[in-house]
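Colleague: Could you walk me through one part of this model, the surroundings of the ligand? Keep it simple, please, and spell out the cut-offs as you go.

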Amino acid sequence: MIPISGMPVLTAAQMRAAEDSAIAAGTSVGALMQRAGHGIADAVLRLAGPHEILILCGPGNNGGDGYVAAARLLAAGRKVRVAAAADPRSDAARVARNGWGGAVEPLATARAAPVVVDALFGTGLSRALDAGAAAALARLVAQATLSIAVDLPSGIATDTGALLGDVPAVDVTLALGAVKPAHLLQPGATRCGAVRVVPIGVETASAAHVLAAPALATPAPDSHKFTRGMVAVMKGRMAGASHLAATAAMHAGAGYVALLGPTIPGAPHALVRRRLDDAALDDARIGAVVVGPGLGRDDEARALLGRALATAHPLVIDGDALHLVTPPQLAARTAPMILTPHAGEFAALFGAPSGSKLDAARAAAQASVAVVVFKGADTVIAAPDGRATLASAGSAWLSTAGTGDVLAGAIAAMLAGGRAPFDAAGAGVWLHAEAARRAGPAFIADDLAAHMAGIFA
Ligand SMILES: NC(=O)C1=CN([C@@H]2O[C@H](COP(=O)(O)OP(=O)(O)OC[C@H]3O[C@@H](n4cnc5c(N)ncnc54)[C@H](OP(=O)(O)O)[C@@H]3O)[C@@H](O)[C@H]2O)[C@@H](O)CC1
Ligand SMILES: [K+]
């Protein structure tokens, strides 16, 4: 069982292609199924303790994995039962079923067990479970004290995370060979519980990965404020939002942060407040400009956005600016841009997303030639070249005012600190999520900014 941080993310078709390559290179489907089943059994042995295990097996290879796991658990001396609604329909699954040899209870009337393993459907799910199977699954998961899904909880679309019906949440999902989009995209991700990868010896490569912790270096002894990066934040109509972004940039390690706009002195005193004039905005030391938090959507806001777009600085475009900016304006720029839309802002700028959130983020990044951070409980970061990272679900307490401003500031600090835009976006998202984790419940956005500083310790 391997933690998923940094692991490649493969769609169902990519996973099938990876398995086909392994098969073409001489590994049989049966051998892959043995590896999968044994990996599942070993994980169940570690997680389940001495309790009775009920394995639910479907008609395809996901079910085949279940039969192999059941045989192995029985051989290991565990009390294990199997339930199924239909006979195996693939050759490999039939062989696995014969390898089990024991009784198979009808799924609909299967007696509950403390540990339930869902091996009904995996990447081959093509439609919602029929009502009887769905009801049995829900009942058995509800009555178990530990529920484990093989590859995916049955009923979730592999590539989108969509629920094809009511899908009960399990405690642990054992992803076979690689992480799939549904392990990270909502609403599927919340049904998966803790996700771990069980390797099956298949070479998996992908342009998409699970977001991993960035390397956060302590400043070198000879560094100074400008080598650590200078961030400028355009002050908007709602000054609090730009202030939050600026504070976050400071706590995320920027060496110098300037808030550009009408100046009112106040804390924090480390924040430099400058009048917005050409000299301030043209400062060649600026490594990133944040525009959008609290900007407003009136003509004045539009003019401020225009000034930011006219600079040669890398930009973080957030909040209101995402409602004002137009695709031709984005196309006219050559300096790097990071766009940080939530669902509403995404739709305003790019139209209603189509396909999975991963597909939508990639298409938007390609169209805008910008890094797109498509925010939410399942943040996806996409680069114009097709690379993408998917963040694991963060703290549900992030759904509070001002957290987006903090994220924009954190990303700007990473960008000004010298990271490439795609990496800066990932580092900012990670830092933001980690700060939320440390902040605990019911934090306010100001706390979040302060918690980022502690992460560098
Ligand atoms: N490929 C490999 O090399 C390896 C794959 N591995 C494992 O295999 C899994 C993928 O296997 P899979 O392709 O057989 O798909 P799976 O999810 O078991 O089900 C498909 C079957 O169910 C049927 N069906 C679909 N939806 C249905 C529904 N709602 N209600 C009823 N029936 C439904 C569908 O028939 P259909 O009617 O759609 O034609 C078909 O018969 C993967 O997740 C991993 O666990 C590992 O062993 C390693 C080696
Ligand atoms: K499953």
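Modeller: Helix α3 (61–75) gives the largest share of the shell around ligand 1, 5 residues. Helices here are DSSP runs of H or I with at least four residues, strands are runs of E with at least two, and both are numbered from the N terminus. Keep in mind that this is a predicted model, where local features need pLDDT of at least 70, side-chain atom pairs count only at pLDDT 80 or more, and totals for chains, interfaces and linings use all residues. Residues are numbered from 1 along each chain as its sequence is written, while chains are lettered from A and ligands numbered from 1 in the order in which they are written.

Back to the shell: α1 (12–24), α2 and α3 each supply at least two residues. Of the 30 residues around ligand 1, Gly 60, Asn 61, Asn 62, Gly 122 and Gly 124 come nearest; a residue is near if its C-beta atom, placed from the backbone, lies within 6 Å. By type, the shell splits into 12 nonpolar, 11 polar and 7 charged residues. Ala, Val, Leu, Ile, Met, Phe, Trp, Tyr, Cys and Pro count as nonpolar, Asp, Glu, Lys and Arg as charged, and the others, Gly among them, as polar.

Now for α2, which covers residues 29–48. Its 20 residues should span 28 Å at 1.5 Å a residue, and the end C-alpha atoms are 27 Å apart, which agrees; the expected span is 1.5 Å times one less than the number of residues. Just after α2, Gly 49 has a positive phi of about 65°.
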